[in-house]
Amino acid sequence: MGFWVSSSISKLATRNRYHEVTMAEPTITLNVTRYRPGQDRAPTTQAYAVPYKEDWVVLDALNHIKDQIDGTLSYRWSCRMGVCGSCGMMVNGTPKLTCAAFLRDYYPGEIRVEPLINFPIIRDLVIDMSDFLDKLKSVKPWIIRKEEKPVARGEYLQTPAELEAFHQFTQCINCMLCYAACPVYGLEPKFLGPAAIALGYRYNMDSRDQGKEQRAVIGNHDGIWDCTFVGECSVVCPKDVDPAAAIQRSKVDTTKNWFQSILMPWGQR
Amino acid sequence: MFTHDIVIVGGGGAGLRAAIAAAEVSSKLSIALVSKVYPMRSHTVSAEGGTAAVLREYDSLDLHAKDTIFGADFLADQDAVEAFVKEAPGELIQLEHWGCPWSRDPDGRVSSRSFGGMSVDRTLFAADKTGFHLLHTLFQTSLKYDSIIRYDECFLTSLLVDDGKVCGVTSINLYTGRVEVIAGKTVILCTGGGGRIFPFTTNAAINTGDGMAAAYRAGVALKDMEFVQYHPTGLPGTGILITEASRGEGGWLKNKDGYRYLQDYGLGPPTDKPTHRKMELGPRDILSRCHMQEYAKGRTFEGPYGHYVHLDLRHLGEEVINKKLPFVRELASKYVGIDPVYEPIPVRPVVHYMMGGVSTDINAKTTLVGLYAAGETACVSINGANRLGSNSLTELLVFGTRAGRAAAAYAANVSAPASAAIDALAADEQRRLDRQFLRKDGGTERIATIRQEMQLAMEEGAGIYRDEQKMEKACKTLRTLRERFKEIIIEDRGSTFNTEVMTALELDFMLDVAEVVANSALMRRESRGSHTRTDFPKRDDANFLKHTLAYRTPDGPKIDYLPVTITRWPPEERKY
Amino acid sequence: MTGIRPDPSKLYNRKMPATWWLQKKSYFLFMLRELSSVFIALFLLVYLYQIYQLTQGPEAYAAFTRRLSSPGWIFFNLIAFLFAVYHSVTWFQSTAVVLPVRLGERLVPRQIVTALHIGFWIVVSLGVLILFLALKD
């Protein structure tokens with residue numbers, strides 16, 4: 001009964017033998033940003049020749065570099081299936097998840113891999129996301145209610161239509177490609193940013209939430225009103241969250257509420 | 001040194017739930033959440049299908065317990081299972097109250113779907129990204145509590161133990177490369193599983209068994225490690241998970257003749273609509289074995305990544321797929337170029353989950369005073385020899401809560417550990433890390449080479465079908481790799497975000513975990529659940545109705561046993 | 001709350017170049033869209049001045065109209081008109097984003113919403129043109 005296991009393994013072994021590149025195998029060149037704090041004054045670019053395989057993504061190429069060529073290259077990754085949000089980088093100038101950027105879409109041209117722009121670089125392809133996390137927290141991304149129903153009484157009822165109203169905006173994987181795509185965030189680091197606002201909007205639109213007034217930071221000067229609807233955030237979003245829509249709708253919403261509070265101050269929710 | 005009441009290692013579903021549970025016990029407790037990645041990157045995020053609990057009138061706690069115990073091939077501790085099924089509904093409703101976007105029925109109640117091995121529909125889901133929504137809901141809710149202090153991108157290197165009590169952890173702060181001491185009265189390990197010891201796995205890069213190995217090195221037993229679950233439907237090559245929900249919604253598994261082969265293995269008769277516990281809704285271990293037997297008969301397809309079968313979703317229709325399985329459609333299209341609306345998806349069994357882990361009792365407590373564990377890292381055991389799909393996400397919540405509350409209760413009654421002892425232990429750890437990793441010179445082996453050889457040894461020796469010879473060979477290979485590990489090359493001397501040292505540390509942990517799995521498997525001379533031996537093909541309740549306990553010795557794991565707790569369900573033959 | 005975070009002094013900050021909007025087609029088109037409002041404003045000023053000239057009597061108005069017929073002013077009007085069209089089309093595209101339209105359970109695709117807006121705009125414009133031609137004499 002052992003033969004089928006061995007046959008399966010030899011295929012696995014072939015799959016894993018990334019490093020056995022012969023001269024005949026096609027290669028593709030990756031030009032990767034390197035930055036070693038304390039050692040480098042500024043980022044530089046290092047070129048690596050990597051085997052070209054039809055079903056490889058840029059992340060596979062980076063892993064090959066780290067495993068077989070240069071162990072000093074640092075980058076973040078985890079799930080390799082586009083749901084954890086770790087592996088966002090600039091690929092030929094466009095923010096992408098490297099686990100979803102296929103080499104075949106660039107071959108035989110060279111691929112430039114850089115850390116996400118509009119973020120400070122910690123090392124090589126690793127950027128500092130503390131600002132993003134602070135902003136995420138500032139929109140109070142949790143259910144806020146005046147009165148909680150006891151768990152023993154069961155779930156809050158929510159119709160499929162009510163779920164549909166905010167479901168799209170729950171899909172954000174916090175990959176920050178939208179921040180890299182947004183020129184406003186690049187020019188004005190205080191801007192709350194697409195993902196944070198979209199998350200705040202998600203909670204505001206959730207029928208179970210009653211905390212809109214507490215998310216006033218969204219309607220602030222550095223919130224939605226910094227946005228000039230360039231729209232690139234929604235273009236690069238790998239999960240079709242459409243943060244641009246969330247922001248513009250928030251503008252309409254906030255404006256409506258403002259008029260209501262002026263014209264009908266007695267009608268507070 | 002940072003000092004807290006509770007130190008939680010791992011920011012996934014179990015870790016976050018434990019942190020919230022402890023924070024709700026008392027806001028005066030200072031809780032550290034230490035994770036080598038930002039919490040929303042934790043592997044919980046990849047779970048797709050759903051999470052099980054008894055919420056409907058047609059269901060009962062006893063039925064959920066029976067399904068679980070049966071699925072576990074009677075190796076589950078039945079008192080733990082009873083507690084688990086009882087607390088599950090409350091946990092899922094609590095999650096709903098915290099904003100989790102569960103999919104809904106027209107009347108507004110949370111929906112449930114069919115899942116493998118479950119007698120009735122009891123698996124709650126959020127489209128087919130349940131783990132993602134669960135994790136993000138927990139992470140976002142955790143931001144409410146100021147008493148939860150996060151140590152993001154801090155890599156656990158060891159548990160600090162003084163005088164038989166755990167007193168904290170050492171971890172490398174990835175930003176500075178410094179070894180930080182995070183002292184605590186209690187430690188909760190929620191570091192997930194170790195699927196990356198195998199070459200084909202649904203698991204993320206981070207699932208390297210860190211917490212399991214750390215507990216093992218601190219003298220705690222690892223329980224039932226030989227039970228490794230193969231998920232029947234992963235994509236060939238990448239191992240990316242195609243959720244069981246695709247079968248729950250009615251998908252069919254077909255061999256190369258277009259035949260629904262599961263009916264040949266006692267799982268029939270085949271029906272058009274899914275029948276609970278039959279055919280494609282059988283338990284995962286049985287389905288994986290069926291696939292391998294089809295392969296032996298030459299009835300599977302052959303592709304660039306080996307054998308595979310077809311998962312056919314075409315008859316579900318585009319609307320159902322878009323509504324219930326949108327992520328499946330996205331994954332299949334992107335990674336194998338197949339649109340499941342029009343073509344069947346190529347799938348094969350891949351390593352998915354470890355039933356085994358750090359041995360805990362029903363309150364997530366280990367034998368080391370002050371140390372708790374929850375989630376895939378732990379083994380209570382509720383999953384026994386084989387886990388039913390959708391029990392794992394529930395397990396995170398139920399035992400995360402139990403661990404958090406137990407740790408909080410314990411921390412309230414003890415004083416902080418003595419810092420002099422901690423300093424001494426930390427200095428030892430710093431020296432060890434310097435010697436083996438941070439200031440290591442020379443070396444002849446690439447980290448990736450040893451890792452790949454370990455993975456191949458595990459696939460060959462501890463795969464779906466095992467025998468004495470192959471397991472012994474694996475154990476020997478792993479011992480050799482342990483020696484060769486001392487000669488690894490560490491090229492990266494930088495202190496900022498040194499991921500090479502991190503990879504080496506992970507491999508170090510993985511070698512321990514792999515060795516425990518292989519040795520535990522060797523010593524279990526029977527077949528049960530996901531542990532199948534060709535030389536001992538039958539289940540042997542007389543000799544092996546007990547948990548394997550593996551303790552660390554310098555020469556490898558020492559195996560001992562612990563009886564299974566049976567309450568109301570005496571072991572019977574496991575037929576579906 | 002976070003107990004450990006990167007030290008800001010150790011990070012490398014890249015500067016955003018002043019030519020950022022020339023580096024991507026979408027950024028360039030965005031700037032063009034924003035620029036269009038300048039031309040619309042300028043056109044409006046001219047238009048307001050034209051209305052003012054109406055109040056100054058037939059001779060003043062005729063003189064002004066002759067000035068406006070010069071090639072330079074025609075060119076300006078052409079540019080302003082093109083920008084106004086671009087402004088309007090992008091405005092209708094934005095409208096589709098901001099106001100999702102539902103027909104029962106299904107979402108009407110954005111391109112259709114935009115197309116309907118543009119269609120309605122063309123119809124109204126044609127109506128105005130026909131009215132103008134009819135009332136001219």
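**Domain and chain interfaces in the predicted model**

The area buried between domain 1 of chain B and domain 2 of chain B is about 2100 Å², with carbon and sulfur atoms giving 53% of it. Three residues of domain 1 of chain B stand out: Glu48(B), Asp128(B) and Phe200(B). Together they supply 29% of the area that this domain buries against domain 2 of chain B, more than any other three residues. The model is predicted, and the values reported here are computed from it.

Domain 1 of chain B is assigned in two segments, 2–227 and 355–420. Domain 2 of chain B covers 232–349. Over C-alpha atoms, the centres of the two domains are separated by 29 Å. The contact involves 25 residues of domain 1 of chain B and 26 residues of domain 2 of chain B.

Polar and charged interactions also occur at this domain interface. Two salt bridges are found across it. In chain B, the side chains of Arg113(B) and Glu249(B) form a salt bridge, with an N to O distance of 3.1 Å. Twelve residue pairs are in polar contact between domain 1 and domain 2 of chain B, both residues of each pair being at pLDDT 80 or more. On the side of domain 1 of chain B that touches domain 2, the classes are eight nonpolar, ten polar and seven charged residues.

The interface of chain C and chain A was examined in the same terms. These chains bury about 2300 Å² between them, 56% of it on carbon and sulfur atoms. Chain C contributes 22 residues to the contact, and chain A contributes 36 residues. Tyr12(C), Arg14(C) and Met16(C) supply 28% of the area that chain C buries against chain A.

Three salt bridges cross the interface of chain C and chain A. The side chains of Arg5(C) and Asp134(A) meet in a salt bridge at 2.9 Å, N to O. Polar contacts link twelve residue pairs across the interface of chain C and chain A, with both residues at pLDDT 80 or more. Helix 1 (25–55) and helix 3 (71–98) of chain C each supply at least two residues of the chain C side. Helix 1 of chain C gives the most to that side, with five residues. By class, the side of chain C that touches chain A holds eleven nonpolar, three polar and eight charged residues.

Technical notes:
Residues are numbered from 1 along each chain as its sequence is written. Chains are lettered from A and ligands numbered from 1 in the order in which they are written. This is a predicted model: local features need pLDDT of at least 70, side-chain atom pairs count only at pLDDT 80 or more; totals for chains, interfaces and linings use all residues. Side-chain values use heavy atoms; hydrogens and water are left out. Domain bounds come from an automatic or database domain assignment. Contact means heavy atoms within 4.5 Å. Buried area is the accessible area (1.4 Å probe) that two parts lose on being put together, summed over both. A salt bridge is a side-chain nitrogen of Lys or Arg within 4 Å of a carboxyl oxygen of Asp or Glu. A polar contact is a pair of N or O atoms within 3.5 Å; within protein, one must be able to donate a hydrogen and the other to accept it, and residues adjacent in sequence count only if both atoms are side-chain atoms. Ala, Val, Leu, Ile, Met, Phe, Trp, Tyr, Cys and Pro count as nonpolar, Asp, Glu, Lys and Arg as charged, and the others, Gly among them, as polar. Helices (H or I, at least four residues) and strands (E, at least two) are DSSP runs, numbered from the N terminus.
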